[in-house]
Amino acid sequence: MASPRSGLAEHKFRRLKKCGLFLLPLLLYILLLLVFCEFLIYYLVMHRCTWPEVTTAPERDHKLSPQSVLKAIFLSDTHLLGEITGHWWDKLRREWQMERAFQTALWLLQPDIVFILGDVFDEGKWSSPTAWADDVARFRSMFRHAQNTELVAIAGNHDIGFHYDMNKYKLKRFENVFNFKYGKIISREGINFVLVNSVTLEGDGCSICKSAEAALHELSLILNCSRKHNPQGATTECKKAANVPPSAPILLQHYPLYRRSDSDCSGEDSATPEEKNIPFKEKYDVLSQEASQKFVNPGQILSIGFGGSPAMLDGSMSCA
């Protein structure tokens with residue numbers, strides 16, 4: 001005859017078995033849901049993205065070979081949170097999502113080069129050396145890439161401070177990490193990308209601004225010399241200038257060139273109708289008119305900046 005105690009144990013065992021039969025499928029469902037929402041969803045969404053077919057300008061029916069096409073991705077304002085205003089949970093969620101999105105894009109699209117157009121960090125303008133080192137380490141972990149993919153970053157106001165808060169120390173530490181200070185030219189597959197530190201283009205004669213403008217004058221000389229077709233008749237300055245392809249430059253910067261507002265912009269990424277007519281503030285939302293005019297050479301330049309920046313081609317403007 002079974003004792004009451006053994007009967008109670010058997011009853012508990014049956015209850016636990018029923019609970020297990022219910023909990024195991026539930027846990028499996030939750031696990032699969034997490035894998036889908038935190039991993040697979042990025043592949044499903046980005047699988048729809050493809051590179052456009054590129055044709056030559058004279059013969060639109062002639063497709064370029066894959067070897068002669070540069071595949072470039074442009075990012076901006078990643079704003080990696082710092083130790084001052086960044087809550088640990090917010091940092092965890094944002095950085096996981098950015099990392100998965102970036103790594104998925106690399107795997108599916110396999111770009112040749114990736115540009116980050118400023119504000120890589122959120123607190124670079126005031127972070128301590130220790131906090132800066134931590135932010136840089138997290139950035140390198142999140143945006144890791146293969147050796148055959150190049151990553152280029154441009155300084156933004158959150159990386160080195162606004163003009164009134166910018167100093168040589170902040171510029172130097174950004175340069176040490178990303179090899180970028182005032183400006184430089186990167187030529188890939190016959191395309192000249194002109195990288196500009198737009199935070200330094202205040203035009204008030206500060207020492208940093210003077211150095212930046214001197215660097216831009218040197219870049220301008222290099223580009224102008226590249227378009228001269230008579231090497232024998234080149235000036236002494238052009239003979240000393242670096243050799244770059246004779247192609248129209250693409251200007252990359254954090255602040256976009258001047259425009260009154262977004263009223264003339266269109267496209268799926270353009271501002272809402274309520275925001276389109278809000279005037280932009282010079283030297284804050286956009287570069288000043290004076291600074292922008294220094295870059296505008298009709299038919300020669302395409303400008304890409306953050307936040308639906310303007311593209312200026314033949315003196316006209318549209319949203320890039």
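**Cysteines and strands**

Modeller: Start with Cys-238: it is buried, at a relative accessible area of 12%. Buried means under 20% relative accessible area, exposed over 50%, and partly exposed in between (1.4 Å probe, protein chains only).

Colleague: What kind of model is this, and how are residues numbered?

Modeller: This is a predicted model, where local features need pLDDT of at least 70, side-chain atom pairs count only at pLDDT 80 or more, and totals for chains, interfaces and linings use all residues. Residues are numbered from 1 along each chain as its sequence is written, and side-chain values use heavy atoms, with hydrogens and water left out.

Colleague: How many disulfides does a search of the whole structure find?

Modeller: A disulfide is a covalent bond between the sulfur atoms of two cysteines. The criterion here is a pair of cysteine sulfur atoms within 2.5 Å. The search finds 2 disulfides. One joins Cys-225 to Cys-238, S to S 2.0 Å. Cys-225 lies in helix 6 (residues 207-226) and Cys-238 in helix 7 (residues 236-240), so the link ties together parts 13 residues apart in sequence. Helices (H or I, at least four residues) and strands (E, at least two) are DSSP runs, numbered from the N terminus. Cys-225 is buried too, with a relative accessible area of 12%.

Colleague: Is the disulfide of Cys-225 and Cys-238 left-handed or right-handed, and why?

Modeller: The torsion about its S-S bond is about -75 degrees, so this disulfide is left-handed.

Colleague: Which residue does Cys-206 join?

Modeller: Cys-206 is joined to Cys-209, S to S 2.4 Å. That link is right-handed, with 80 degrees about the S-S bond. Cys-209 is buried, at 1% relative accessible area.

Colleague: Are Cys-37 and Cys-49 buried or partly exposed?

Modeller: Cys-37 counts as partly exposed, at 39% relative accessibility. Cys-49 is also partly exposed, at 43%.

Colleague: Now the sheet. What is the strand order?

Modeller: Two strands pair if DSSP finds at least two bridges between them. Here 3 strands form an open sheet, order 1-2-3, with parallel pairing. Strand 1 (72-75) and strand 3 (150-153) are the edges, each pairing on one side only. From one strand to the next, the twist averages 15 degrees.

Colleague: How many bridges link strand 2 and strand 3?

Modeller: Strand 2 (residues 113-116) and strand 3 pair over 4 bridges, in the parallel sense. Val-114 stands opposite Leu-151 in strand 3.

Colleague: Which strands does helix 2 touch?

Modeller: Contact means heavy atoms within 4.5 Å. Helix 2 (residues 88-109) packs on the sheet and touches strand 1, strand 2 and strand 3. Its direction makes about 165 degrees with that of strand 1. Axes are lines fitted to C-alpha atoms, for helices over the stretch in contact, and angles run from 0 to 180 degrees between N-to-C directions.
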